[in-house]
Amino acid sequence: MSSKRKLGDALLNSFAKTSSGIRGLDEITFGGLPKGRPTLIAGGPGSGKTLMSMEFLVRGATVYNEPGVFMAFEETAEELAQNVASLGFDLKEFITQKKLLIDFVRVERSEIEETGEYDLEGLFVRLNYAIDSIGAKRVVLDTIESLFAGLGNEAILRAELRRLFRWLKDKGVTAIITAERGESSLTRYGLEEYVSDCVIVLDHRVQNQISTRRIRVVKYRGSVHGTNEYPFLIDEKGISILPITSLTLNYQISTKRISSGIPRLDAMLEGKGFYQGSTILISGTAGTGKTSISASFANATCQRNERCLYFAFEESPNQIMRNMKSIGIDLEGCVKKGLLKFQAVRSTFYGLETHLVQMQKIIDDFKPASVIVDPITNLINAGEQDEVKSMLTRLIDYLKSKQIIAMFTNLTHLGGLESTETEVSSIMDTWILLRDIEIGGERNRGIYILKSRGMAHSNQIREFLITSKGVDIIDVYTGPAGVLTGSARLSQEIKDKETEDSREEEIEKLQRDLDRKRKLMEAQVTALQAEFTAKEEEVKQLINQGKRRDKTLAENRKEMSRMRKEDKE
Amino acid sequence: MYEKKEPSKEKQDINDSEYFELRLYVAGQTSNSVKAFSNLQKICDEYLKGKYKIEVIDLLKTPQLAAGDQILAIPTLVRKLPEPIKKIIGDLSNTERVLVGLDIRSKNDT
């Protein structure tokens, strides 16, 4: 095992490669094209052979300071310059700087008569002269097969082509040879027999009326290479190839938490919100507020002075901004500050692969902290279900590798609430479900967290309110009458309040009764006391009167005895 | 310049006023090139006596001239005059084809 790896490493190291400078191509070839050797690019008409080879030269000239020769068999220098001007390449500028040389080789069979033996030394001389005159390190022959149409003697041609490719190797230039795709072989004239170091096939497939460009490295002698078909894109900045799903699941993991923008939702997520770099799926039936949650999240991202990228597949940015303004979320301000970027495109506009490459490119350019895709369901229109899943997996992989938090909305239909159409829930970290709760002739929104990896999230269904001040989450009524939301919750709450009020009144009444009784009792006590006091006074008076009478009596008796001259002495 | 030469035997179709300016592109003294030159010389002497000029260009010495006449194959004979430009590639071993290629003889009258 280890010796095998060593051998691989040795091969990797020993094999010199030339960076193509084309986005993604160096990744899938692990470093670029074989240095000093010819590479064959085969593809059907319009598959991007010429553009890819021209970008190889342009990148060489601009990035790696390697001048290049473009030998064109099909288009003149002017035509080429025009064609690649759309990619932002100014060939004339490169030509005057002697970084690029275009030699147009015209082969017109009607003008040429063949008699006897010949060789293609003239081509060699031209190529050699072109290479030497600017010190070229890169060469493109596009499309050398035209010679087969222009010259009749195929035996000579084949021998000469073999010699040409040999000669290119000896010359030490890194060459690209383009060829038309053949019916049964890679190329129409079997050029792959001669160019055997590296063979790349470009493909332009139309599926469900949507075209996708793909690239595959068929063969790369002496080097490891990605063997998958990779989608690629040609746009105003050139070619970008999307390196597919990373093979390992070894992204950096963050414990940092990011607020959802809705305090109560954060509270449901341990009070801290989502993990950074996690993926959130918000699914729900129509009109349950998926976009509102997304907008809150976008707004929260911007409030933290971070960038947010919003992929809208259903509504135009202006419509989203207007609608969100009505619930008090000012996305327009975020856009003006340059923190929020909308990328609105109909899902059917491109194929899935193209969407993916586009999204990846924009993410690369904008470097957002969070990404919103609203809704992913629409992407199904652009491809088959399993393709959508694989595309989303790749997108999520990519976002995770960049530690970007992503929110996806998903429209579900009644009955299939807990299943996503694209079956992507398994690759999501947090799944928030929005649902209608129909009670008492009205629909209300319920929200709950179906799963959230790595945290003790709430298991409660809450009521989700969209008000003019934004979105809010409140508790639902749970009581003897069951789970109630909306006006049912309100009326139940009023009823509860009434019952409570009447009970309070009763208590007050009893209290009052008691008070009255106490007062009565106290009054009686006072009266009795008063009576008692009066009696006491009376008795005292009587006693005093009695005493006084006794005294007077005694005195009277004394007086009387004195008067009677008692002779007792 | 315009030598009035008695037209030889069957070449009535040649316009008397035509003067042939020919260029033979070679790359060094390869056998094909040597053969081509001698074949050309022979044909011209026979059919275009006095009405031609041959310029031999060795691309090993002047490679910059190759692109101008769109030279790929070696040897290539280019009829610069009369116009239009005609090209014949190969060692010119097939006289008939050379004559046709140079418009000295039309394809039909063999």
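In chain B of this predicted model, L24(B) has L77(B) as its bridge partner in β3(B). The two residues belong to a pairing in which strand β1 (residues 20–26) of chain B runs antiparallel to strand β3 (residues 76–81) of chain B, with five bridges joining them. From β3(B), the pairing can be followed onward to β4(B), and from β4(B) across to a strand of chain A.

**Strand pairing within chain B**

- Strands β3(B) and β4(B) run antiparallel, and four bridges join them.
- One residue pair to look for here is R79(B) with K86(B), the latter being the bridge partner that lies in β4(B).

**Strand pairing between the chains**

- Strand β6 (residues 112–114) of chain A pairs with β4(B) in the parallel sense, and this pairing extends over three bridges.
- Within this pairing, I112(A) finds its bridge partner in β4(B), namely K87(B).

**The contact between chains A and B**

- Chain A contributes 22 residues to the contact, while chain B contributes 29 residues.
- On the side of chain B that touches chain A, β4 (86–89) and α2 (95–101) of chain B each supply at least two residues.

Technical notes:
Residues are numbered from 1 along each chain as its sequence is written. Chains are lettered from A and ligands numbered from 1 in the order in which they are written. This is a predicted model: local features need pLDDT of at least 70, side-chain atom pairs count only at pLDDT 80 or more; totals for chains, interfaces and linings use all residues. Two residues are in contact if their C-beta atoms, placed from the backbone, lie within 7 Å. Two strands pair if DSSP finds at least two bridges between them.
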